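The following questions and answers go through a protein model, one feature at a time.

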Amino acid sequence: MAGLKIPKHKHMSLKQLNTYLEPDKIYIPLISGGDTDLEVYFNIGDTVKKGDVIARRKTSFKTPIFSSVSGKIIGEEEVSYQTGIKVNALVIENDKKETAKNIKVRKDIDKLTKEEYIDIVNECGIVGMGGAGFPTNLKYKTDTKINTLLVNAVECEPYITADYTLLKEKCEDVLETIDYILTINDINEAIIAIKENNVDLIKHVLKYKESYLKIRVVEVPNKYPMGWERTLIKEILKVEYDKLPLEKGIVVNNVSTIYGISQALKFNKPIIERIVTFTGEGIKEPQNVLVKVGTKVDEVIEYLGGTKKNVFVVAGGPMMGHKVETDLVVTPELNCVLVLPKIKTMKEVGCLRCGRCVKYCPASLTPVLIKDAIKDRDKLVLLHPEKCISCGLCSYVCPSKIDVREQVNKAKEVLKGGK
Ligand code: SF4
Ligand code: SF4
């Protein structure tokens, strides 16, 4: 499986965790995991509490979406979502009273049954917080015996330090919660995967780990995309799977997701806040900030001192992220807001047939052939663009500056029956 060492820019944001928790308004996007088919429970003019379920997916997932403040719904507005599309959001005027719904301190967490655990994780809207947004309860809703819980703290994108910061700040909570998950779901062991160059983080976790005998910390190579489930499982457990890690008795959760589960189990608290890395050469004061879901990112950037001149914004990291407008809002899956200076990029030139995109593709695809077959559906079927994880390596290594990933994404749409 291919992969590449790419330059890091993580030092920029590794400072004391900042907070921005009292926005005047929040904007709750009516979308969950890319799905806008929702049942909405509130109208304009209604008052809401912090933690109220505002809407729910209509599919079998039924994932709830919450208000992150108490206050009044004052309207609907179009905002930017992290994939670059525009979505409708409910605008809530924050009364700053933090009147919360259903928050309670739960005792005897290790006595919960697996069914109760799955129900709490679902009802608190826990989704993959590493960027995927997949409903977490579905990973545990299985009759297959789970042998290993793999906690992904790799964070291989070059600028992002949100998981790093979370693990530094909340290490005890994370370890305790992993232990609860193992007990409740009868899982044999947990492995926390951290990149080998994060020496201080590894030391930090090992300091707290002593009393948790079923948890191991494993160092993984400093390569991109080491954080991809498939790469990580192969690297650590030497196992390959067809569709899902569960086929081999493995569940993978991002470390921020584990903290989300922690808050759900201990306090019945849904994901209404998260740590987001605000970084890049275009922002004056890069740092990690604890923010409410629904906060407009331009407000946070202003609070941090603003941007330099002539910049653009990316939701997520530079490899997998999407260029967005500044009306982007924080969602449970948003881990980074990257602000970069606009620079004159080299003009795209013709394909050199060098094969670099093939050599480095971690999904063992042939991006150059997919690009060439973009109008030929029959050929595309054989080239499997749907297996692409949008890691961006093919564009990164292309000497002709072709946005190969974009072409592969278009090919996915063609296969789905789009353009
Ligand atoms: S973006 Fe897709 S096609 Fe390109 S290298 Fe990554 S997985 Fe392969
Ligand atoms: S890396 Fe770029 S130039 Fe080389 S084969 Fe792929 S698309 Fe063509």
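Q: Which residue in β6 stands opposite Val53?
A: This is a predicted model, in which local features need pLDDT of at least 70 and side-chain atom pairs count only at pLDDT 80 or more, while totals for chains, interfaces and linings use all residues; side-chain values use heavy atoms, with hydrogens and water left out. Residues are numbered from 1 along each chain as its sequence is written, and chains are lettered from A and ligands numbered from 1 in the order in which they are written. Strand β5 (residues 53-57) and β6 pair in the antiparallel sense over 3 bridges; strands (E, at least two residues) and helices (H or I, at least four) are DSSP runs numbered from the N terminus, and two strands pair if DSSP finds at least two bridges between them. In β6, the residue opposite Val53 is Phe66.

Q: In what order do the 3 strands of the open sheet with β6 lie?
A: The edge strands, each pairing on one side only, are β3 (38-40) and β6. The twist averages 25° from one strand to the next, with axes taken as lines fitted to C-alpha atoms (for helices over the stretch in contact) and angles running from 0 to 180 degrees between N-to-C directions. The pairing is antiparallel, and the order is β3-β5-β6.

Q: How many bridges join β7 to β8?
A: Strand β7 (residues 71-80) is also joined to strand β4 (residues 47-48) by 2 bridges, antiparallel, and there Thr47 has Lys72 as its partner. On the β8 side, Ser80 is partnered by Lys86. β7 and β8 form a hairpin with 5 residues between them, and Gly84 in the turn has a positive phi of about 100°. β7 and β8 (residues 86-94) run antiparallel, and the number of bridges joining them is 9.

Q: Which element gives the most residues to the lining of the largest cavity?
A: The structure holds 3 cavities of 30 Å³ or more, and the largest has a volume of about 210 Å³. A cavity is a set of points, on a 1 Å grid over the protein atoms alone, where a 1.4 Å probe fits but cannot get out, and lining residues have an atom within 4 Å of a point; grid points are joined across faces, edges and corners, and the volume is the space filled by probe spheres set on the points. The elements that give two or more residues to this lining are β2 (25-29) and β6 (64-66). With 3 residues, the one that gives the most is β6.

Q: Which residues of the lining lie nearest the centre of the largest cavity?
A: At least three lining residues come from each of domain 1 (10-102 + 271-341) and domain 2 (109-267), with bounds from an automatic or database domain assignment. The lining divides into 11 nonpolar, 7 polar and 1 charged; Ala, Val, Leu, Ile, Met, Phe, Trp, Tyr, Cys and Pro count as nonpolar, Asp, Glu, Lys and Arg as charged, and the others, Gly among them, as polar. Of the 19 lining residues, those nearest the centre are Ile31, Pro64, Ile65, Pro332 and Glu333.

Q: Which of the residues that surround ligand 2 are the closest?
A: A residue is near a molecule if one of its heavy atoms lies within 4 Å of it. By class, the shell has 8 nonpolar, 2 polar and 3 charged residues. Among the 13 residues around ligand 2, the closest are Cys351, Leu352, Cys354, Cys357 and Cys398.

Q: Which peptide bond is cis, with omega near 0°?
A: Pro225 is found in the loop between β11 (215-220) and α6 (229-237). The cis bond runs from Tyr224 to Pro225.

Technical notes. 1 Å grid on protein atoms, 1.4 Å probe; cavity = no way out; pocket = protein on both sides within 12 Å on 5 of 7 lines; lining within 4 Å.
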